[in-house]
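Here is a short briefing to read with the model open on your screen. Take it one topic at a time and follow along in the viewer.

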Amino acid sequence: MVAPWLMPLIFILGAFYLYPVMEVFRLAFTNATLLKVGDSYGLSTFIDTLGRPELLQILFVTFVFTGASVVGQQILGLAVALVVVRGEQRRLIGTTILRTTALVAWVVPGIAGGIIWKMLFNEAPFGGLNSLLRLFSMGPVQWLSDPHIAIWSAVLSNVWRGTAFSMVVMYAALKAINPVLYEASAIDGARSWQRFFYVTLPQLRAAILINMILITIQTLNTFDAIISLTGGGPGRATEVLSLYTFNVIFRNYDLSVGAVLSIIMLVISLGLAIIYARFLPKGEGR
Amino acid sequence: MRASTQNRIGDAFSYLFMIVAFVFFAWPLVWLLSLALRTRKEIYLGVSRLIPHDPTLDNFMAILSSPKFALYLWNALKLSTMSGIVCLIVALPAAYAFSRLPMKGKGPWLMGILAFQMISPLVIMIPLYRYMASLNLLDNQPAATLVYTALVVPMVTWILKGFMDGIPKSLDEAALIDGATHFGVFFRVILPLSKPGIASAFIIAVITGWSQFLVPFLLFTKESLTPIAVGIFQYAGTQNDSSMQVLAAACLVSVAPAIIAFLLLQRLILSAMTAGAVKG
C-alpha cells in the first residue's frame, strides 16, 4: 500500500507543477494574451516566435551568460574545494573561514544579490569596484553601461553567487577519492601536478559532469539576479532567455509567445536532465 | 627535506589563493556593510572610507522602524516557514515510502520527481497565474505557500529519502515483526531517528522560500502581503544615488536572516547538501 504515502506529494506536484506545464503546451498553440483568452488554435504563434529577429540575439546572450558562468563556477568551485581539502589536511588557518564565506554568498537571495552587485558596479564614487581600482590607479570601468562589458559583469556576479554549489559538490567528490590512489602515485614518484591530472581529474569526471549539468540548468533559469542588476540592458546586452520570457509575458502580456519561449526553456532543461539521469548511479533505491 | 619544502611552497600558494578567493567572496558584503554604516556625506568618499569615520546606525533605524519593512520581513518569515512545514508534511511520508516500501518502478518515480526540479518556475507561472486568478486565489498567502512548497518539495523529498536510507533497516524490521504497522514504524522509529535530516531539509526549504521572487511578485498585488524579496526589488527601483546608504542597509536587513540561519546550522545543511549532491 504505497499510494496513501505518496498522495500529498502527487497532489502538490500535480496541481502546481504538472498541470501548469501541460497548460503551457496548450497555450503555445493559441493566440492567448494575458488580457484575452485564446480563440484559435494553430501553429502560427510557434512559427512567429521562432522567426522573431531578436530571438537569435537573446539565445546568443543566454549562451554566453550560461556558458561563461558554468565554466567560471566549475573552475572556481573546484579550485576552492581543492584548497579547502588541502587546507584541512595541512591544518591551514582560515580554511573554514573561506568555505563559510563562499557558502554565505550562496544563501543571498537572487534579487538582493543583483542589488548588491549593482552597487559594486556603480560608476558613481560609491561603486565598490571602481573605487577599489582607483586605489591601484586603474579604471574606471563602465561595468554596466558598456554593452560589451555588461554581460561579463553579469557573469561575474553570477559566479559569485553560484560557486558555492559547485564547491560543495566538488568537495564531496574529492573526499570520496580513495587515498590509496594518492599513496600509490606518490610511491611511483608522481609530482603534484601529475597527481592532479592523472588521479584527481579522472576520479572527478562523473562529479564534474553532473555538476556542470546541474549548474547549467540553474544558470539558464536565473533571472531574478539579472532583473535587479541590469534589467536586461544596456539595450538587450544582458537579456537572457528567461528574462526575455518574463518581459514578453508580463510587460507585453503576450501569453502564447511566452508559452512558446517557456517550451524552448523546458526542452533545453529536460534535455540536460535526461543526460544527467544517465550519469546517476543506477539501482532501484536501496 | 625535499618533501617538506614542497609542502611549504604548496602552503604558500594555498594561502595566496585563499586570500584572493576570500576577498572575492567577502568584498560585496563588506562593501554593503560599509555603505550601510555611512552618513550621506561619506557615501561619496569611496573605499578611502571603507571604515567610515563617522559611522551611524541611522540607516538601519530608518529601515527597521519603517512599518513597511517590518511587514515585508514578517510576510517573508510567514511564507517561508509555512512552506517549510507543509513541505515536510508532504515529503516525509513520500520519502518513507521511497526508502522502505516495496513499489514498482521506484527509480523512474524518483527521477520523475527530480525532473520537476529542473523546470524553471517561470515556465509554470503563466498558467498558474491564470488558474489562481480564476479560483480567486491571488493575494492569498496559504495558496502561495502551496506554490512555494511545490517548487522545493522534490529536492526535500530526495534529501529526506537519502537520510532515511542511512537508518538501519533492521530497526524497523524488528518493529514490524513485533506487530507494528508501517504507520507505527514511520511515527515511532523513522521520524525520531530522522530528526537531523528533517531539521536540515526544513532549513533548506525555509532559506529557499526566503529568496522566492517570482511567485510572490505575481501572486500578490497588495503591498501588505509582499515578502522582502519583492519589497526590496520595488524599493530599490525608487531609490537614487543620494539614498544609497539606506538601500544598502535595507539590503543587509533582507539578507541577514538567511545568512544567520545558515551560519547557525551550517554543518547540518552541508551534510544534507553533500549527501544530496553526491547521491543526486
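Which residues of chain A does the UniProt annotation "transmembrane region" cover? The unreviewed entry lists residues 5-22, 58-85, 97-117, 149-174, 195-217 and 255-277 of chain A. UniProt positions are given here in the numbering of this model, feature names are shortened, and annotations may be inferred rather than shown by experiment.

This is a predicted model, in which local features need pLDDT of at least 70, side-chain atom pairs count only at pLDDT 80 or more, and totals for chains, interfaces and linings use all residues. Residues are numbered from 1 along each chain as its sequence is written, chains are lettered from A and ligands numbered from 1 in the order in which they are written, and side-chain values use heavy atoms, with hydrogens and water left out.

**Annotated spans of chain A**
- Residues 58-85 of chain A are 100% helix and 0% strand, with end C-alpha atoms 39 Å apart. Helices (H or I, at least four residues) and strands (E, at least two) are DSSP runs, numbered from the N terminus.
- Residues 97-117 of chain A are 90% helix and 0% strand, and their end C-alpha atoms lie 22 Å apart.
- UniProt (unreviewed entry) also lists residues 59-276 of chain A as "domain: ABC transmembrane type-1". That span, residues 59-276 of chain A, is 77% helix and 0% strand, and 22 Å separates its end C-alpha atoms.

**An enclosed helix in chain A**
- In helix 11 (residues 241-250) of chain A, 10 of the 10 residues are buried, so this helix is largely enclosed by the rest of the structure. Buried means under 20% relative accessible area, exposed over 50%, and partly exposed in between (1.4 Å probe, protein chains only).
- Among the buried residues of helix 11 of chain A are Y244(A), F246(A), N247(A) and F250(A).
- Those buried residues pack against several helices of chain A, including helix 3 (53-89) and helix 12 (255-279), and against helix 6 (121-134) and helix 11 (214-219) of chain B.

**Chain B as a whole**
- Chain B has 14 helices and zero strands.
- The radius of gyration of chain B (over C-alpha atoms) is 24 Å, well over the 19 Å that the globule rule gives for 280 residues, so chain B is more spread out than a compact globule. The globule rule is 2.2 Å times the number of residues to the power 0.38.
- The C-alpha atoms of chain B fill a box of roughly 75 × 75 × 30 Å along the principal axes.
- Of the 280 residues of chain B, 54% count as buried.

Definitions and conventions
Contact = heavy atoms within 4.5 Å.
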